[in-house]
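Trainee: I would like to learn how to read a few features from a structure. Can we take them one at a time?

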Amino acid sequence: LLDKPIQQPLFIKIMEKNLKSHGTWIGKWTFVLAATGSAVGLGNIWGFPYKAGDEGGGAFVLIYFLCILLIGLPIMVSEILIGRRSGTSPINAMKIAAIESNRSSAWQLVGWTGIIAGVLILSFYSVIAGLCLNYIFISAASSGVIEAQTQFENATQSWQGLLFWHSVFMILTLLVVSAGIKNGIERMVKILMPMLGFLLVFMVMYAMLNGAVNKALSFLFSPDFSKVNTDTFLSALGQAFFSLSLGMGSIMAYGAYMPKEQNIGSTSVSVASLDTLVAILAGLAIFPILFSFYDGFSIDETLVQLKENGLGPGIVFVSLASAFNDMQYGQLIGPIFFILLSVAALSSSISILEPGVAFLSEERILSRKKSAIVISALSWIIGIGSVLSFNLWSDVKIIGDNNFLDSMDLIAVKNLQPLGGMLIAIFIGWFMKESLIKDELGSINPIVYKIWRFFIKLVAPIGVGCILISQLF
Ligand code: TRP
């Protein structure tokens, strides 16, 4: 079915249907800034350190690098390429690329799964980001008398509190996206990204001066391959995928606003490098503080302690928060860290909302403002389930043994997102006309092109397919 060529009249009809244009980014660095904003988020500053901790440190970090380079980067190039080709939302971008290549317009389904994944991801992303906002105040007020574990319980036991902060974060996301590309997203990332860079460098310097630097460095950079198993690979690849915002249309939507003269390959390299750099810097900001908090313990003993204490999602809200409670300027450093986390989360959440909003508004189904309200309201409502999974519904299992939040993560991040990424790789590798691809890539070194082709045709689909298959067991 997917191979069936489309008759000319339909093709012309679609091209003639005048889709509402969103405009392009102004300035050479705006795409890099916005895409880096999308990539750098809770995944880097909260997810990466805890997974690295969980999977044994250095070896995980090394495998993560490889996943970014060999699978993430080629797919990122593909997404930008498809988006920029048509300048439309992922649904129409996939449709137009398919029709131009004489393929079935059913490829637009990739765009649709992306939008569904986006609504689900945003639903719980906003709950956790809301908790980060709340922690700006919690960590500022904390006197060290109340234990971090109790603080965390207090913050998550009240569904009213979580719901309030979830709503605040969703409204912030909505406001930015509804203001449009130039006045909303572009203006916001130009403020948020420098702020993020500054806060992160500050946190790293603080951790270097006051924390257990040597332990942190040897934990992050000396690989111990005895701890590696298949799960390490799957976890690293999943993390790389989430962190680069791939497979659901965020990067494709942003690519649509990229001016034609910009080089897709080098921009992708910049975004992937910055994203990886931030993940490493986040590790360098967090682990020295954690290791110095467990002064006198070895690295392995510390990890055992951390695991008991909530390594895992609790790494920032419990383990790091207790280090802040204990530290001299903790009431100042704590809030700075949580502002950093919130800023990173906001520049990501807007990119999760954008693909759906772009679709509804370019089709003139609704205005941009109304589209943003409708989609974020949908995510907000689904997010209530994740709010409740911390308290009233903590025992309610939705899929298998997973509570509501984990089930959303399972559907959207562990299944739909890799599915989207795999289909994009297969489409570009096997179905899209090569002349169109070469047209978008511009002057590219033929050897680099051949290598990219190989990775997108074989390595990426197989690698990502493994994540999907592993979900079945
Ligand atoms: N990459 C972001 C992070 O690391 C989250 C994100 C933004 C995302 N857009 C996405 C994740 C699209 C999956 C798909 O936090």
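Trainee: Is Arg84 buried or exposed?

Mentor: One caution before the answer: this is a predicted model. Burial is judged from relative accessible area, and under 20% means buried. Arg84 has 4% relative accessibility, so Arg84 counts as buried.

Trainee: Which residue does the side chain of Arg84 meet in a salt bridge?

Mentor: The general idea is that side chains of opposite charge can pair when their charged atoms come close. Here the partner of Arg84 is Glu440, with 2.8 Å from N to O. Glu440 belongs to helix H19 (residues 434-441) and Arg84 to helix H4 (residues 58-86), so this pair ties together parts 356 residues apart in sequence. Glu440 also counts as buried, because its relative accessibility is 7%.

Trainee: What does Asp439 form with Arg85?

Mentor: Asp439 and Arg85 form a salt bridge, and their closest N and O atoms are 3.2 Å apart. This pair, too, links distant parts of the chain, with Asp439 in helix H19 and Arg85 in helix H4, 354 residues apart. Asp439 counts as exposed, at 54% relative accessibility.

Trainee: Which residues are linked in a network of salt bridges?

Mentor: The network is made up of Arg84, Arg85, Glu100, Lys260, Asp439 and Glu440. The count of salt bridges in the model comes to 11. One of them joins the side chains of Asp409 and Lys414, at 2.8 Å from N to O. Asp409 is buried at 18% relative accessibility, while Lys414 is partly exposed at 34%.

Trainee: Now a helix. How many residues does H15 have, and how far does H15 reach from its first C-alpha to its last?

Mentor: Compare the span with the expected value. H15 (residues 314-326) has 13 residues and reaches 17 Å, close to the 18 Å expected at 1.5 Å a residue.

Trainee: Where is the kink in H15 centred?

Mentor: The kink is centred on Leu320 and amounts to about 30°.

Trainee: Why is H15 described as largely enclosed by the rest of the structure?

Mentor: Start from the geometry. An α-helix has 3.6 residues a turn, so residues three or four places apart point the same way. In this case, 12 of the 13 residues of H15 are buried, so the helix is largely enclosed by the rest of the structure. Among the buried residues are Gly314, Phe317, Leu320 and Phe324.

Trainee: What surrounds Ser379, and which residues does Ser379 touch?

Mentor: Ser379 lies in helix H17 (residues 368-389) and counts as buried, at 0% relative accessibility. Leaving aside residues up to four places away in sequence, Ser379 touches Gly118, Val119, Leu122, Ser123, His166 and Met170. A polar atom of the Ser379 side chain lies 2.8 Å from the backbone oxygen of Val119.

Trainee: Last, the cysteines. How many disulfides are there?

Mentor: A disulfide is a covalent bond between the sulfur atoms of two cysteines. The count here is 0.

Key: Residues numbered from 1 in each chain as written. Predicted model: local features only at pLDDT ≥ 70, side-chain atom pairs only at ≥ 80, totals over all residues. Heavy atoms only, no water. Helix = DSSP H or I, 4+ residues; strand = E, 2+ residues; numbered from the N terminus. Expected span 1.5 Å × (residues − 1). Bend = angle between axes of the 7 residues up to and from the residue. Buried < 20%, exposed > 50% of the residue type's maximum accessible area, 1.4 Å probe, protein only. Salt bridge = Lys/Arg side-chain N within 4 Å of Asp/Glu carboxyl O. Polar contact = N/O pair within 3.5 Å; in protein donor to acceptor, adjacent residues only side chain to side chain. Contact = heavy atoms within 4.5 Å. Disulfide = S-S within 2.5 Å.
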